[in-house]
Every structure is written in structure tokens, then in C-alpha cells.
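Biologist: I would like to go through the assignments in this model and hear what each label rests on. Please show it first.

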Amino acid sequence: FSISTYNKMWTDAQKDLDIQLQREREEFLQPEKDRVKVFKMLATSYIKYMQIFRNLETAHDQLIHRQKRTVIQQVLDGVIGRILEMKKEMVELENSEFHYIDNILEDLKLLPEHMEVPIPRYFVKERLEVLQQREKILDQILLNAGLQTQKPVKAMAFEEAIKMIQVAERARQGRRRAAFMKQIYLEEKRERQTKLQVQMGPNPDDAATCIQKVWRGYIQRKKTEKMREEEMIFLGMSLLPHLKATNISQMHAGQINALQGEVEERHEEVFIKDKLREAEAFSIKETLQDQISQCFIECRHIIGKFPDYPTEEAGGSMAILSQRTPEQVAAELAAKKEMALQKKSQKGKKEKEEGKEKIKEKSPQKTGKKEEEEGWKMAPSNFLSIMEEGSSQYKAVWQNRDDGWDFLQDHDPELIKEEKREEVEEEIRVQVDELMQQKLENLKLAVDGEKSKQKKGRKSEKVRAAGLMSLVHRTIDSLYRELVEEGLLIKAKTVNLSDYVGKYSYLGTTLRQGGIEPMPSLADVRQLIALYGILPLGSQTVHEKAPLVKALLLAGPAGVGKKMLVHAICTETGANLFNLSVSNIAGKYPGKNGLQMMLHMVLKVAKQWQPSVVWIGDTEKIFSKAVPKAEAEMNPKRLEKILPKFLKALKAQDRVLLVGTTNRPFDANLKPFCKVYQKIILIPRPDYASRFVLWKHIILQNGGAITDLLNISCLAKVSDGFTQGHIVQAVQAVLSELRLLQMTRKPLKTAEFMTSLARQDPVYKEEEETFK
């Protein structure tokens, strides 16, 4: 049943995608002057793509069939990339990272939860073994270096141990004696009451009154509870009983799904490949030899001599066996000779073109007018072709495919054969190349009387290069170890993006229409972290072709969860975490050369074992206007000039992200600061809705229980101005081990958290205005 459900989900997502692609062809190709209409078009497409993304991701995660997953993943990458392109257009149109589209969601009859960016689980699942192995290595290095110590076992003196046992035993005996005495007292009391009743005689009226009083009280309490529950359901503040049961079953299903492993089918692939090799290896070998021999003869007939055998770098016999006629091969060989002459003439043309471009740049006013006249037009996409290719593959192979015969639904042997046949052909081609190269030399010697010219100098050059490499080069493992020991490569905390709790703001559009720029909500922040941090780092295709974001700045008051978000990016993508904060690199790798070497090492390891996150905490200190005397020894500005070079070295294929965090961005010199960080995300203090959810979440997380005596709404109202960090501290201060033990007989009350919260300083209005 579940497989058919997820197959249907995939089918529906593909249909929605086809409709969306058709809509794009019709709407986005025509220029549009009305900016409001443009934004509505973009936002609607963005929401539609997000729904397709969610369905495809769920289908990809739940389906076991490997070939289906491969096709879905291709389309999924295309959809993710298109979402990022849409986001870029929306940002440029509104000049804001945050968008408020609650009115469009209302028109489409969707909830804000539908806008939540899903994190593809294959980012980590497909690399789970590698990540686990790397974590073991990291733990071992930290343990050997003494940076991660195991919990020390305190040695206790013999006398102290005896004293502790005596205290515990005396306390136990005291408790047992007290319980025993209490039992004797209660028994004596019951006996006295029985004697009195026997002496006085039973009074039926008193007995009846007592029973009535107890029964009426019980019935009234039940009625009141039922009325309160019905009222809460009516107000939408509580779920219906059957929905609560569904929720619990969903939680159990989620736990089972988390434990469910991937179906191992590697042994099946190896078996199919071996069978193919046995059955078809001989025929493939003969066919390749015949084709290559025929090509040699045809080339000699046209050119007059046998061609040189292509090198391994050029692709070997694949270069000969491409779908080209001998005439085309001859033309290509002739064209190579003319290339040198053409290059010289091209240089002169380029210089002329550059001169023309400079002249064009001098008159920007004309182009601006033209753009205004034409109106807005969607930029060309790198992902439409990927989605269309995936869609056509789905239609050709999977749309009308009958899977009823496949009970396990884990793989299709015929499709594996097609994949493995290419691998077998490639292996055999390498063997054939060696034979045919020798055969070509023999033919040249026998027919033309030529000896193969050995290319001298290459070997010596390689040896010399190898010598230099051994001097300069160091293994990635040794660099990794050094960075860990120096504390520059640190272990990321296991935190998911969903753990960053916060609600959506419903007043964004209303406030903007009234001319007020609203503060972003925590749900908006979570969405941006997923779009700019997690999605590009998780997928190579998306990172290479989507709008490139090399650096990200998280700015906000202390305690809003900036570091937590950095760790969440690493957890969701399985990225390495490098800590280049001013306080962490102080005194390490001194001097200009030392700094260059440090960044070179970081860059090399980050690129080699990507994805990677380079984190700079208190990043405003690097760009500070004036260095305080207390921090002068740390030399905080040493990274200022070299950081742009570091970013320049990062290319589209390198899944490396620089993340800066700051709680005082206004202390920085803004021009170089904003030049480095192209994306700035403001993280505000939580609003009422987010605080309400936070109090509940943090109390439950720390072992507390929420009852009717605890007024969460009151706590959320009183904690206005406080951050998540303040709430966590307040809860942890109250919920000590002793308080948790008392929870069953003494439930939590609202007043308990007030004292702890009052001791902390909130985010004042002036600070918030400065951030704005």
C-alpha cells in the first residue's frame, strides 16, 4: 500500500511540474511593466515549486527502487535550483531578503507550513558511512590530543566511601522506620473509629449525605473538564481526540521510519556485472577491435598514412569511435594545424571588443531607459533543461510501466544491465587499447616503414614534477589532523534545522501595505538558512548552477541562536566545521606567511572533503573601525585583507560556505564588511507566537510537564523582549534535578519562572532600532 501511495505522489508531482513548466513558457517569456503583478507571478510559482519539491522529496525518501530514486533525484535537483533562481528574482524585485506572501497563501488556500523548506534526507543518508567514519577519526584525534577528555573517574578515599555508605544506609533505615510507624498509626486510628461507630450506632442519613457529596463532586468535576475541553476544541486551541491519536501514530511511524535502513543491493549489481562480463565480454572485444581496425584503414585511405593512436588523456579509442566519418576525422586533423594562426587573430578581436564594452559602460543611462520601456523579464534558467530532461525520462520509462510483477520494488535488473554494460565496455576498451596500440605500431612498420616516435622528455618531466610534489605536498589526512589539533576544525553539534523553533508572522503583508517594514519572524530566518546554506551545500548540481552564495552573515542580539544555526547547517548537510573566529586563531600561525599557510590548509581540506562550513564568530572585530586596547594582542584585523582573496579562490564547484555571526554589526566598517558578506540575515528577538511555542518546547525538552497550573500565554506575554537564550536559562535554572523529582506531586506553576527571567537583561528597543 505504501509503495503505491508514494508512486502516486511521484506521478502527481510530475504532473504538477509539467503544468508549471508550461505556465513558465507562457508567462515568463513576455516582458511585464507592473511590478506588483510580477511579484505575484513569482511568488505563486515559488509556492507551486515548493509543493512539488515537498512531494518529490517524500517520494524519493520513501521509495526503495534505486532507479526510480535516481530519476527523482535529478528532477529534485532541478526543482531546488529553480526555487533558488525564483528567490533571487524576488529579492532583486523587492530589495529585501524577507517576503510576506500570506495574502497569496490565503488565495491558494494554503497554510504557512506549506512554505516550510523541506531538507532532502539524501544529503546525509547517501554519505552516512563516510560521515560516521570521519566522526570516528575526529573523535580519536581529539582524544589523542587531549582536547576531548572522557569523563574523569574520581578516586574516593576508603574512609569517605564508608561514610557515604553509612549515611545512605541510615537514611534508608530512617525512611523505612517512618513508613512503618505511619502504618501503625493509621491502623490504630481506623480501630478507634470503628469502636466509636459500634458504640454510637450507624446513622443512615449521614452515610447517604457523605456518598452524595462525593458523587456530586466527582460528576461536576467531570462535566467541567468536558466543557473546558469542548471550549478549547471550539476555539481551535486543542485537537479532537481522534486527531490526537493520529498524531501519536504519526510520531511512532516517524520513529520507525528513522530506524528503517536503506536496502542493500550492491551484491546484486556485482552479480549482474559479472554475468554480463561472462556473457558479452568476448563479443564486445571483437566488435571494438574490428571498428578500430576499420577506422585505421579508412584514415590511411584519406590521409595517406596511419594516424597516431589517441592518448589516455584524450580518451583512447573513444576519440576514434565517436560517431564521425573518416572525412570528419581528416578535417579535424587539418583544423588543428590552423588553430595556432586563428588564436593570434582572436586576441586582436578580443582587445577590440573590450574597447567597445568600455565605451558602452560609459553610457548607462540609455540602457536604463530601455529596461524601463521593456519592463521586467525573467532571467534565463540553468535548471529548466534539467527538469524537462527528467520529465521526459519519466514519461519514456516510468509513466506507463507495469510494476505489478515486481513484488519487492527494490530494483529493475534490466535497467541495471544497461548501466553495467557501459562499465563493462569501458573496462574492455582499456584492454583493447593496449592491444590495438601495439597492432598500429606493427602496421606502421610493415606498411609505411615508420617507427613509433617515443615522446622523450615527458618521463623526466613527470619525475621532476613528482619530486616537487613530494616536497611541497602533504597528505589531506595530515593537514586534517593538524587543523583538528590546532582547534581550527571542530566537531559540529548534532542540531537539526527543525529544532530552531519559531512561528510564521501573519501580519507581514498588512504592515507593508500600511507603509511599515515588519521585523522578520523566526520562520522566515529558518527558511533563508535552508535556501542559502543547506540546499546549495547538500547538492553538487544545485551549487554549481544556482545563484552562487559564497558568504552568509547572521546578525542579531545575543541569544537568538546564531551559533545553533551554523551547527544546523553542518548537521543537515554533513559538512565539516572550521572555526576561524578571532579568539580561536589568536596566537596561531603568526605573521603574514603563517596566516596564508593557515588559510591555504583550510581551503585545501574544505575543498577536498566538501561540503564545508567556515565559521567566523564575532566577525565585526575583523572589520572594526578602532581596535580596543584589551583586544590589541589578539590582532583581530589580521583576516581583513586576506578574506576577500579566500572567497575569490572559491569556485562554483567548491561546496564551501563562509558563515559569519555577529551581535554588534554596527561596530564594523560597513564598506569592506558588506563587500565580504553578500547575504545578510537579520535574526530578531522572538515575537509573541514564537515565544509561546518556545516556552512549551523548552520546558518539555528539559523534562518538565505542562499542566493547567502553568499559563504559557502569560509567560509568553511577560517575556516580551527576551531571546531564546534567556528562556532556556530561565527554564534550566528552575528545572533542577530535585525539582524534576517533585514534578508528580508538585506541578509547575507560572510564578516559578518569573524570578529567574527577571534576573536577565532583555533586548532593549534602542538596540533593536540600531539593528534595523
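Biologist: Which residue of strand 5 is the bridge partner of L554?

Modeller: T661 is the bridge partner of L554 in strand 5. The model is predicted, so local features need pLDDT of at least 70 and side-chain atom pairs count only at pLDDT 80 or more, while totals for chains, interfaces and linings use all residues. Residues are numbered from 1 along each chain as its sequence is written, and side-chain values use heavy atoms, with hydrogens and water left out.

Biologist: What makes strand 2 and strand 5 a pair?

Modeller: Strands are DSSP runs of E with at least two residues, helices are runs of H or I with at least four, and both are numbered from the N terminus. Two strands pair if DSSP finds at least two bridges between them. Strand 2 (residues 551–555) and strand 5 (residues 656–662) have 5 bridges, in the parallel sense.

Biologist: How do you know that helix 19 packs on the sheet?

Modeller: Contact means heavy atoms within 4.5 Å, and helix 19 (residues 522–538) touches strand 2, strand 4 (612–617), strand 5 and strand 6. The direction of helix 19 makes about 145° with that of strand 6. Axes are lines fitted to C-alpha atoms, for helices over the stretch in contact, and angles run from 0 to 180 degrees between N-to-C directions.

Biologist: Why is the pair of Y504 and Y506 called edge-to-face?

Modeller: Rings of Phe, Tyr and Trp (its six-membered ring) pair if their centres lie within 6.5 Å; planes under 30 degrees apart count as stacked, over 60 as edge-to-face and the rest as tilted. The ring centres of Y504 and Y506 are 5.8 Å apart and the planes stand at 80°, so the pair is edge-to-face.

Biologist: What makes the pair of Y688 and F692 tilted?

Modeller: The planes of Y688 and F692 are 40° apart, with 6.3 Å from centre to centre, and that angle falls in the remaining class.

Biologist: Is Y504 buried or exposed?

Modeller: Buried means under 20% relative accessible area, exposed over 50%, and partly exposed in between (1.4 Å probe, protein chains only). Y504 has 11%, so Y504 counts as buried. Y506 has 48% and is therefore partly exposed.

Biologist: Which helix supplies the largest share of the lining of the largest cavity?

Modeller: Helix 19 does, with 4 residues.
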